[in-house]
Amino acid sequence: MRENLHRFFRAARGAGVRLSPAESIDAMRAVSKVGFTDRTILRDTFLLTLAKTQDEKKALGDCFDLFFDQPEPQSPPEDGEADGQHAEESNAASDSPGDASDGGEQTERLGQLAQMLLAQDRNQISAAIANAAGAASLSDIRYFTQRGIFSGRILDQMGIERLRDDLDSLAATNPALAERLTNALDGLRGTVRETVSQALMLYGREEAENLRNEILRNAPLSRIEPRQVEQMRHLIRQIARRLRERYSKPRKRQRRGHLDVRRTIRRNAAWGGVPFLTAWKRRHRDKPKIIALCDVSGSVARVSDFFLLLIHSLHEVVDDVRSFAFSGHLIEVSDILESKSPEEAMAEIMSKVGFGSSDYGSSLDDFEHGWMSAITPQTTVIVLGDARSNNLDPRADILRRIAERSKRLVWLNPEGRMAWGWGDSEMPRYSTFCTVVRQCATAKQLERAVSDIVASYQ
Amino acid sequence: MADIRPSASIEAVESGLAAQGYIASRQIATAVYLAQQIEKPILVEGPAGVGKTELAKAIAAWRGMKMIRLQCYEGLDEAKALYEWKYAKQLLYTQILKDKLGEVLGGAPTLEAALNQLHDFGDVFFSKEFVEPRPLLQALEQPAGCVLLIDEIDKSDAEFESLLLEILSDFQVTIPELGTVVAVAPPTVILTSNSERDLGDALKRRCLHLHIGFPEQKLEERIVESRVPGISQTLRRQMVSFIHEVRTLDLKKLPSVSESIDWARVLVLLQARELGHEVVKDTLNVLLKYEADIEATTPQVSTFVAKASRQNVFG
């Protein structure tokens, strides 16, 4: 039963329930108190100890039902007993069907699997499948590509080699019986395939999802295929949520620290040092201020979608964010990002300034004239763009002034370092004024960059 | 394993709580039973008014233990939840004892000897005498154990959760100046949350996770029966059925169990025998808390009342 529990935990992980060893230990302790007899209590116990959210409870409940509906793999019966049983059963089976009476002698010479199939004893067959599945460690299945391998292994375990030999010899001597056996084998193959698919559903889901996400995280944002865009958005939103969970601070915070002895004594000097009034140290923390400038021109349009999504999430994490979008000229988009859902906001921004040909010089000029005073020595300025200015004046002097006014200037570029400086890329000129310059072409790089920025304020 | 009869004990929990007027679903009873058996806190989540706080009260009443309640809010910190030093007392004592200083140090011939003697007294001011225990520390100090209710944990800050972790996993707290205070008798801890904020994994991992949703119709009837004994069976069935219909609507705040109980009380007060269109319209404000919700429900009242009385015939 312990083995069974472990298999269930693995299945639960497959169903997307995050499950640490400590939790499984708790569950085992709980189960040892309630026992296995009552299925509903067992289910409740797992739901209480393992699942931590309502979604997980649902997933786990489904998983429980799926898992315990499977025939439990029985431990192989002891040899002597088993032989006797099988002999009896196969005798009984070969006796009963009328058409096989003449083939009775032949069936006895056949392998165990063939006998079992001909006997058509469902319970015996499913027990044999379950045993073979255990021996082939079917619960290790992770990816759908492994289905073939595991089906093959299970059939091997059940003795399909012997069955093929039997079929060959029967084909010559008893075609009718061979035909029946072939049909039965097809049925068996189907059942095994189903068992494997079910196991994949139980144990494989999470891995497959992780793999897909991992591939997606490392895929260049600019080359995402349309069908993957939705998945990518989902992923970015996950990243944003993680950032939020990690860094979001409640609006109000207790700022009282330890007793400030010096100030207390000074304050109470009037009473001859008898401390009636206490003074407290206050915690100081830099208030994060971020200004994000996002290029939404045609050349980076596909990436800027994701940039905007991430900036949108920045608005949720950090109180003081002002965002600007530009291609030919620059506008402030903080209000749009704060008041609308990500999709609506992005559509609106794109319709206002998106898809034009970029002019970094005039956009920086717009910024300098309109909002330069918003930059304080606490501000981190983030520029997201490829620095391709269509051979127009890059106005790097404005960027220098921005860098001088701000705490940090971070440039995230979706192009690889190799491309910087080639063609109309002004990156080398700009980068001299930046505190940090990073390539930011995949979701993973994007996450790391933003996470660093936010973390520096903690 | 044969001599354990868990179902019997779970039933014992069920009947114990029922005796206090708390009708628990099977899952709630299982959670309470397990919390006792493997000594883990229960994190109760669910919409407002389904009886999360009531559960803690019922457990305390049933097991005859004191209930200590910690109401969480934004900005709640160590000093208010766990313990605080009585600074003013410390300072005043130093002042009062200033005169005694000469006596203490009287025999010391050198400055070093005086300092050494002072060191011996230094710890006096950071001793139990000067600790002001707050709910969490109080809970650990109860000799007979207690039920510790940490209410609306989702309202507190994320830092506060970390403060709770030591208590939740080991039933102890460490006070830097004093050392570790271990619970005399492990308290039964109930945490409640309306899921306003996602709680940390570390906290969730230490608790049994119980979700109380709106009860099923039969269970809710039993709850109303136990809380409002004067109500007739017909009316009870009709009103619960009506509430279940209302809960299918898309409202700002769905009526919860506490509202059902209030409504049942009102109906009894009005001496209603059956659920009628007029009575419902007059008392809808007991059930629904927003003007918009009442407006949304009013057109449906007749249908729901009809449904409820029909169900009474068949049910």
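## Surface and make-up of chain B

Accessible areas here come from the Shrake-Rupley method with a 1.4 Å probe, and for residues only the protein chains shown count as cover. On that basis, chain B exposes about 15000 Å², with carbon and sulfur atoms supplying 52% of it. A word on the ground rules: this is a predicted model, in which local features need pLDDT of at least 70 and side-chain atom pairs count only at pLDDT 80 or more, while totals for chains, interfaces and linings use all residues. Residues are numbered from 1 along each chain as its sequence is written, chains are lettered from A and ligands numbered from 1 in the order in which they are written, and side-chain values use heavy atoms, with hydrogens and water left out.

Chain B has 16 helices and nine strands; helices (H or I, at least four residues) and strands (E, at least two) are DSSP runs, numbered from the N terminus. Of its 315 residues, 46% are buried, where buried means under 20% relative accessible area, exposed over 50%, and partly exposed in between (1.4 Å probe, protein chains only). Among the contacts in chain B with a separation of 6 or more, 76% come from residues 24 or more positions apart; contact means heavy atoms within 4.5 Å.

Let's look at I28(B), which sits in helix α2 (residues 26-37) of chain B. I28(B) counts as buried because its relative accessibility is 6%. Neighbours within four places in sequence aside, I28(B) is in contact with Y22(B), L55(B), L210(B) and I212(B). Its C-alpha atom is separated by 8.5 Å from that of E14(B), 14 residues apart along the chain.

E161(B) belongs to helix α9 (residues 158-170) of chain B. Is E161(B) buried or exposed? With a relative accessible area of 6%, E161(B) is buried. Its contacts, again leaving aside neighbours within four places in sequence, are R197(B), D198(B), L199(B), G200(B) and L203(B).

## A hairpin in chain B

Strands β6(B) and β7(B) are joined by a hairpin through three residues. Four bridges link β6(B) to β7 (residues 179-182) of chain B, and the two run antiparallel; strands pair if DSSP finds at least two bridges between them. T174(B) stands opposite T180(B) in β7(B).

In a regular strand the side chains alternate between the two faces of the sheet. In β6 (residues 172-175) of chain B, V173(B) and I175(B) form the covered face, whereas Q172(B) and T174(B) form the uncovered one.

## The open sheet of chain A

Over in chain A, six strands make an open, mixed sheet in the order β5-β4-β3-β6-β7-β8. Its edge strands are β5 (330-332) and β8 (436-439), each pairing on one side only. From one strand to the next, the twist averages 20° (axes are lines fitted to C-alpha atoms, for helices over the stretch in contact, and angles run from 0 to 180 degrees between N-to-C directions).

Strand β4 (residues 320-326) of chain A is mostly covered, with five of its seven residues buried. β4(A) pairs with β3 (residues 289-295) of chain A in the parallel sense over seven bridges, and A292(A) stands opposite S323(A). Three bridges join β4(A) to β5(A), which run antiparallel, and the two form a hairpin with three residues between them. Within this pairing, A325(A) has I331(A) as its bridge partner. Strand β7 (residues 408-413) of chain A runs parallel to β8(A), joined by four bridges, and L412(A) stands opposite R438(A).
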